[in-house]
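Please read it alongside the sequence and the model.

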Amino acid sequence: MMPRMADVSMETIVNLCKRRGIVFQSSEIYGGLRSAWDWGPLGVELKRNVKAEWWRAMVQMRDDVVGLESSILMSPRVWEASGHVETFTDPLVECTNCNHRFRADHVDLAKGCPDCGTKDAWTEPRQFHLMFKTHIGPVEDSSNIVYLRPETAQGMFVDFMTVQQASRKRIPFGIAQQGKSFRNEITPGNFVFRTREFEQMEMEFFVKPGTDDDWLDYWTKERMRWYADLGIDETKLRLRQHDPDELSHYAKNTYDVEYEFPGMGWSELEGIANRTDYDLKAHAKHSGQELSYFDPDTEERYVPYVIEPAAGVERPTLAFLIDAYAEEEAMSAQGKMEKRTVLKLDKRLAPIKVAVLPLSKHADLVPVAEKVAAEVRPHFATDIDITQAIGRRYRRQDEVGTPYCVTVDFDTLNDEQVTVRDRDTMEQERIPINGLVEYLRKRF
């Protein structure tokens with residue numbers, strides 16, 4: 001077999017995602033909605049696996065992090081205190097020739113409009129607010145304004161005292177959350193990389209002031225390790241420290257985990273920020289509630305600093321897809337060399353873990369295959385694939401990253417054994433049906 005491709009285009013990934021029901025345009029029968037995407041049967045399983053691995057690493061495998069699910073709709077005073085109402089904006093410019101709008105910091109104004117090429121036809125930059133605004137109740141007036149949250153972080157800050165007291169955790173400890181966020185981006189694009197509706201995986205880790213630099217270093221290494229452990233090519237990962245002039249208003253220091261996306265270059269996967277005590281102090285001031293921590297060992301009271309690893313779900317999922325994509329020359333069932341497309345996803349991320357394939361649609365084979373699938377399904381995400389030639393079905397499962405195919409053939413009717421095929425090596429092994437689940441469990 002040839003090694004995986006060194007480069008893959010974003011167009012190739014987009015086409016694969018649509019063809020195989022991973023990701024496709026939302027509202028497509030009505031012409032779609034820009035920057036809105038639907039995750040299909042395979043895509044939703046992939047996303048769930050990414051989120052599950054994050055939750056496992058950040059919460060379940062640790063004794064110093066607990067989970068939270070806060071409301072999307074919060075008091076508007078939350079966003080006033082956090083600074084979002086006043087400062088959560090991007091600079092907007094418009095080309096006076098074609099009337100297309102762009103983020104001023106995302107285009108080279110001296111080169112002219114990226115869409116029509118006109119030079120020196122820009123409006124003066126103005127600040128464009130990124131929060132979606134709506135109303136609670138039947139009357140749409142200023143007293144009933146609420147916002148769709150632009151980040152999950154603020155829920156963890158305003159619930160800090162309740163969670164700390166209920167969980168009886170001592171600092172240092174963290175609160176983790178996954179959930180939807182919304183940002184009215186001026187120029188969304190690059191497939192699912194930048195969208196107006198997205199999911200986040202964020203954790204706020206509360207630490208004693210003075211230990212924050214060490215904890216920032218710890219979490220940057222942990223987050224880099226997580227991506228590499230799940231199969232991302234480490235040569236396409238890097239840490240980039242923010243320059244002082246690009247730091248957020250709350251940040252003392254920030255690092256981005258970046259991935260080298262095709263056609264985009266190095267772009268952010270995740271940010272790890274030292275948010276200091278900004279958020280807790282801001283909410284304490286605006287709410288009038290105490291949000292400090294009393295250390296029973298040292299008898300000190302202080303407002304914790306916060307280290308925040310924050311990632312969207314879509315960007316890592318896209319990176320895992322890109323990094324796993326390969327085109328190889330492989331031997332067909334007829335002994336000829338042919339191209340196979342394969343997603344070499346880490347087994348933990350694969351949408352389908354096991355595919356059960358009867359050698360043909362023969363009436364004696366299909367019921368046995370269904371029985372085998374029923375035995376495997378309680379343990380692993382399982383697909384049963386009956387139509388087309390067996391070679392095509394292998395290729396179909398390779399293309400969506402299924403680690404193991406289990407073939408039921410005519411010998412199975414006599415010896416009660418099946419053939420297990422490995423996605424990556426394409427090697428096959430004969431296994432008794434009654435030992436199949438244990439065989440697969442050892443490999444997962």
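A residue counts as buried under 20% relative accessible area, as exposed over 50%, and as partly exposed in between. Gly 231 has a relative accessible area of 48%, so it is partly exposed. The model discussed here is a predicted one.

**Overall make-up**
- The protein contains 13 helices and 23 strands.
- Its C-alpha trace spans about 75 × 65 × 50 Å along the principal axes.
- Of the 444 residues, 50% are buried.
- Among contacts with a separation of 6 or more, 65% are between residues 24 or more positions apart.
- The accessible surface is about 21,600 Å², and carbon and sulfur atoms account for 47% of it.

- In soluble globular proteins, nonpolar side chains tend to be buried together.
- The largest nonpolar core here has 51 residues, and Tyr 227, Phe 261, Leu 318 and Phe 320 touch the most other members.
- At least two residues of this core come from each of several elements, including the helices α1 (10-19), α2 (41-60), α7 (212-229) and α9 (314-324).
- The strands β10 (197-207), β12 (253-261), β13 (265-276) and β16 (305-312) also supply at least two residues each.
- Beyond its neighbours within four places in sequence, Phe 320 contacts Val 50, Trp 226, Tyr 227, Leu 230, Ile 232, Leu 345 and Leu 349.
- Another core, of 19 residues, lies apart from the largest one; Val 356, Leu 365, Tyr 404 and Val 418 are among its members.

**Two loop positions and a surface patch**
- Gly 231 sits in the loop between α7 and β11 (237-241).
- From Gly 231 to Ile 72 the C-alpha distance is 32 Å, and the two are 159 residues apart in sequence.
- Ile 72, Leu 73 and Ile 136 make a nonpolar surface patch of about 230 Å².
- Leu 73 is in the loop between β3 (65-67) and α3 (76-82).
- Leu 73 is partly exposed because its relative accessible area is 40%.

**Cysteines**
- A disulfide requires two cysteine sulfur atoms within 2.5 Å, and the count by this rule is zero.
- The closest cysteine sulfur to that of Cys 98 is in Cys 113, at 3.7 Å, which is too far for a bond.
- For Cys 405, the closest cysteine sulfur is in Cys 17, 20 Å away, so this pair is also too far for a bond.
- Cys 405 has a relative accessible area of 1% and is therefore buried.

Technical notes. Residues are numbered from 1 along each chain as its sequence is written. This is a predicted model: local features need pLDDT of at least 70, side-chain atom pairs count only at pLDDT 80 or more; totals for chains, interfaces and linings use all residues. Side-chain values use heavy atoms; hydrogens and water are left out. A nonpolar core is a set of buried Ala, Val, Leu, Ile, Met, Phe, Trp, Tyr and Cys residues joined through side-chain atoms within 4.5 Å. Buried means under 20% relative accessible area, exposed over 50%, partly exposed in between (1.4 Å probe, protein chains only). Helices (H or I, at least four residues) and strands (E, at least two) are DSSP runs, numbered from the N terminus. Contact means heavy atoms within 4.5 Å. Patches are made of residues with over 30% relative accessible area and no salt bridge: like charges are joined within 9 Å, nonpolar side chains (Val, Leu, Ile, Met, Phe, Trp, Tyr) within 5 Å. Accessible areas come from the Shrake-Rupley method with a 1.4 Å probe; for residues, only the protein chains shown count as cover. A salt bridge is a side-chain nitrogen of Lys or Arg within 4 Å of a carboxyl oxygen of Asp or Glu.
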